[in-house]
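Work through the two exercises below with the structure in view. Try each task before you read its solution.

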Amino acid sequence: MDKFTTLSGIAAPMPLVNIDTDMIIPKNFLKTIKRSGLGVNLFDEMRYNLDGSEKPDFVLNKPAYRNAEIIVAGENFGCGSSREHAPWALLDFGIRCVISTSYADIFYNNCFKNGILPIVLTKEQVDKLMEDAERGANARITVDLEAQTVSASDGTTFAFEVDPFKKHCMLNGLDDIGLTMEKSAAIDTFEAQYQAQNPWS
Amino acid sequence: MTAPKTLYDKIWNAHIAHEDADGTCLLYIDRHLVHEVTSPQAFEGLRLSGRKVRAPEKTIAVPDHNVPTTLDRASGVIENEESRIQVEALDKNARDFGVVYYPVSDVRQGIVHIVGPEQGWTLPGMTVVCGDSHTATHGAFGALAHGIGTSEVEHVLATQTLIQKKSKNMKVEITGKLLPGVTAKDITLSVIGATGTAGGTGYVIEYCGEAIRDLSMEGRMTVCNMAIEGGARAGLIAPDEKTFQYVMGRPHAPKGGAWELALAYWKTLFTDADARFDKVLTLKGEDIAPVVTWGTSPEDVLPITSTVPSPDDFEGGKVEAVKRSLEYMGLTPGQKLTDIKIDTVFIGSCTNGRIEDLRAAAAVLKGKKIKDGMRAMVVPGSGLVRAQAEEEGLAQIFLDAGFEWRLAGCSMCLAMNPDQLQPGERCAATSNRNFEGRQGRGGRTHLLSPAMAAAAAITGHLTDIRDF
């Protein structure tokens, strides 16, 4: 996983609420056995016509947002299916950060496993950043994970909360499994005791 | 005396293998269910790092999402190349890593959330995870069950634990009795209608109350299945005599002395009096009507007697979402829900693909024919559900009515196999999601109960089961 420290980039505005993971990456692209290559199909049904041509009105098809690295989204982003293909597709497109008032639980966790930072801010703060996002490259948004801040183009800075363990892993690009393996003695001890108490399990 | 605990607290505490100072826990996992769509990258990760599956005997794999459900699948060839590769990858991964496996050719194959309980893998008090959001289904047994991403699938395969922080406790109580025609599906959709799709975010829900206790185990599975549609990490129902009866004698349920030991433990799995919940929602059973969804979010739900709402009825970001939804669904505000014509009916899925669901639909269809031009299919949740339905004569009722009688799989719930809607087609579905494109690009989905789906197949429009 790539480290995430700071990011200053163009943000794409997606104010729609309840953007679900079926929208982010429709089911026909879940048949892959790889993690990579999904960026071209990110938001596929919103982004392309049936004949494969681009829908010019869709935000990521507009010249200003083709290189967006941040999405500012409506509430409950990433709801629905647990498919990790959603963050894989976002990452493959180049998105490293999402800003919203809320996320679905599984999507939120999946982002951290892939070096994408999902930031939660208040409605007013998201509205302010949505205004910047509407201005494309003229109003870049800056994120500093170490400091836990996100700054609008006019310098207004908002603090955000993030779980210390998730932050540590993101800042250092750490692999969860490796970290857990270091605790395998504790798992062994627990498992032996648990299995003795619950022999049917 | 220790502080009173919720059911969730008890299961959580029993599975903490390690806890960091900041409350981050390694939660021990009893059952890891695996299907072909969200696992290939996880097994590949194990191979690349030279890791093994830590507990293959607690890891149960079954292909369900991609598999064709047409009768010719017995020939063993999946025509779609990508689907075939994904199923073959699961075949190989199951073999290479030695996990429990029900291949397509096995009569026990079916939707992973139907197979787990059916085979007795799912037991009260357990932790159950799967790379699938509808893992919440298993909560019906008083098991802590939730969906995980593929990175977490790999983590559980390698360590039999999950890195977790505890969620908050939410109680959803359904008091009193349900009225005739009202089912578990109507309960779970009505709860989502009341909380919204983010109302449960950050919580584990415990469903309780007389109306929940009165449900069969299969009805309880339907309720818990859609906890995720309310945003909750998991849904739980305390185990009781119905649970124990359901579990007893299943292939992987404990037997003999182990059964007695397990039973004694399971009887401690309830929320203590005065235990604290962070959030409470109470609905009266008699206030719940047969419902359908009209929009493209499961929270867009109304009693079947209602009319299509207007964007003006909503506030904030939902106004735009409803405008978009109505355009996508091709509906006009003020239109009666019972005037909405449908052309496709899908009965199946991990929400409503069990034997009682098929019985409810067959009871409506018996001696009747589906509307001319209607495309209607029943996809049983497992090979064993299918076999039982044939034995009970249900299959013949469906066939006589004009339904297709399919083999087991996820099918048109998410349309990864060839069962898909075409643009503009409108489906009455017993599944769990009405998102844009969910059942096929441009397809329109109305979620409802199996009996209501059957009624709609006959009349050709959304129908109040109480008038039937």
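**Exercise 1. Describe the lining of the largest cavity.**

Step 1. The largest cavity is lined by 25 residues. Nearest its centre lie B:His65, B:Asp132, B:His134, B:Leu414 and B:Arg438. A cavity is a set of points on a 1 Å grid over the protein atoms alone where a 1.4 Å probe fits but cannot get out, and lining residues have an atom within 4 Å of a point.

Step 2. Two elements of chain B, α4 (112-118) and α12 (349-352), each give two or more residues to this lining. Helices are DSSP runs of H or I with at least four residues, numbered from the N terminus.

Step 3. Sort the lining by class: 8 nonpolar, 12 polar and 5 charged residues. Ala, Val, Leu, Ile, Met, Phe, Trp, Tyr, Cys and Pro count as nonpolar, Asp, Glu, Lys and Arg as charged, and the others, Gly among them, as polar.

The model is predicted: local features need pLDDT of at least 70, side-chain atom pairs count only at pLDDT 80 or more, and totals for chains, interfaces and linings use all residues. Residues are numbered from 1 along each chain as its sequence is written, chains are lettered from A in the order in which they are written, and side-chain values use heavy atoms, without hydrogens and water.

**Exercise 2. Describe how α13(B) meets α14(B).**

Step 1. Helix α13 (residues 355-365) of chain B and helix α14 (residues 383-391) of chain B have axes that come within 10 Å. The axes cross at roughly 40 degrees. Axes are lines fitted to C-alpha atoms over the stretch in contact, and angles run from 0 to 180 degrees between N-to-C directions.

Step 2. B:Ile355, B:Leu358 and B:Arg359 in α13(B) meet B:Val385, B:Gln388 and B:Ala389 in α14(B). Contact means heavy atoms within 4.5 Å.

Step 3. By class, this contact has 4 nonpolar, 1 polar and 1 charged residues.

Conventions:
1 Å grid on protein atoms, 1.4 Å probe; cavity = no way out; pocket = protein on both sides within 12 Å on 5 of 7 lines; lining within 4 Å.
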